[in-house]
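Visitor: I have a model open and would like to talk it through. Could you take my questions as they come?

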Amino acid sequence: MEFTEGMSKVAQAFELVGVGILIVGAVLVAWTTVVALIRKQPAYEQSRIRLGRTLLLSLEVLVAADVIKTVAVESTVESVVTLGVLVVVRTVLSLSLDAEVDGIAPWRKKKFEAEQAMQAQLKEPPQA
C-alpha cells in the first residue's frame, strides 16, 4: 500500500471516529435527558452542556482528519487554502460553542475562575 493511500485511510478513520463521537454522544445526551425528565429533574442545562461538549470533541477530531487529508494526501495549493478556510470556520465555531456551553469567553475563563476563587476565600469564616 502506498503512503498517500494509507494516509487517506487514516483520514477516513478519523472522520468515522468524529462522526461516531457525534452520534454516540447525541444518543447518550438524549438518553440522560429522558431519564432526568422521567425523574422530574431539571434537564435542559446539563443536556445543553453535554451536547455542546460532544460537538466540540467531534469537531476537533474532524479537524484532525482534514489536516491529515490535506497534508499527507492532497498537497495542493487549493487543498491547503480549503483546509485553512475549514480550520478558521471550525475554530470560530469551537470558540462560539465553548462560550455558549460555559457562559464565558474562553480567553476570560482563567480571570473569571481566579475572581471566583478569591470571592470564595473572602466568604469563608476565619478558622480558630
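This is a predicted model: local features need pLDDT of at least 70, side-chain atom pairs count only at pLDDT 80 or more; totals for chains, interfaces and linings use all residues.

Guide: Residues are numbered from 1 along each chain as its sequence is written, and side-chain values use heavy atoms, with hydrogens and water left out.

Visitor: What pattern does the chain follow along the sequence?
Guide: Helices (H or I, at least four residues) and strands (E, at least two) are DSSP runs, numbered from the N terminus. The count comes to 4 helices and 0 strands. Read along the sequence, that gives α-α-α-α.

Visitor: What radius of gyration does the chain have?
Guide: The radius is taken over C-alpha atoms, and the globule rule is 2.2 Å times the number of residues to the power 0.38. Those C-alpha atoms fill a box of roughly 70 × 40 × 25 Å along the principal axes. A compact globule of 128 residues would come out near 14 Å, but this chain has 20 Å.

Visitor: How far apart are the end C-alpha atoms of H1?
Guide: The expected span of a helix is 1.5 Å times one less than its number of residues. H1 covers residues 3-38, so its 36 residues should span 52 Å. The model agrees, with its end C-alpha atoms apart by 52 Å.

Visitor: Which helix do the buried residues of H1 pack against?
Guide: Buried means under 20% relative accessible area, exposed over 50%, and partly exposed in between (1.4 Å probe, protein chains only). In H1 the buried set is Gly6, Ala11, Gly18, Gly25, Val29, Thr33 and Ala36. Residues three or four places apart on an α-helix point the same way, because there are 3.6 residues a turn. The partner of H1's buried residues is helix H2 (44-73).

Visitor: Which side chain does the side chain of Thr33 make a polar contact with?
Guide: Thr33 has a relative accessible area of 18%, so it counts as buried. Leaving out residues up to four places away in sequence, Thr33 touches Ala43 and Ser47 (contact means heavy atoms within 4.5 Å). A polar contact is a pair of N or O atoms within 3.5 Å; within protein, one must be able to donate a hydrogen and the other to accept it, and residues adjacent in sequence count only if both atoms are side-chain atoms. At 2.4 Å, the partner of Thr33 is the side chain of Ser47.

Visitor: Is Ala64 buried or partly exposed?
Guide: Ala64 lies in helix H2. Its C-alpha atom is 7.2 Å from that of Phe14, 50 residues apart along the chain. With a relative accessible area of 26%, Ala64 is partly exposed.

Visitor: Which helices do the buried residues of H3 pack against?
Guide: H3 runs over residues 77-102. Its buried residues include Leu83, Leu97 and Val101, along with Arg90 and Asp98. They pack against H2 and H4.
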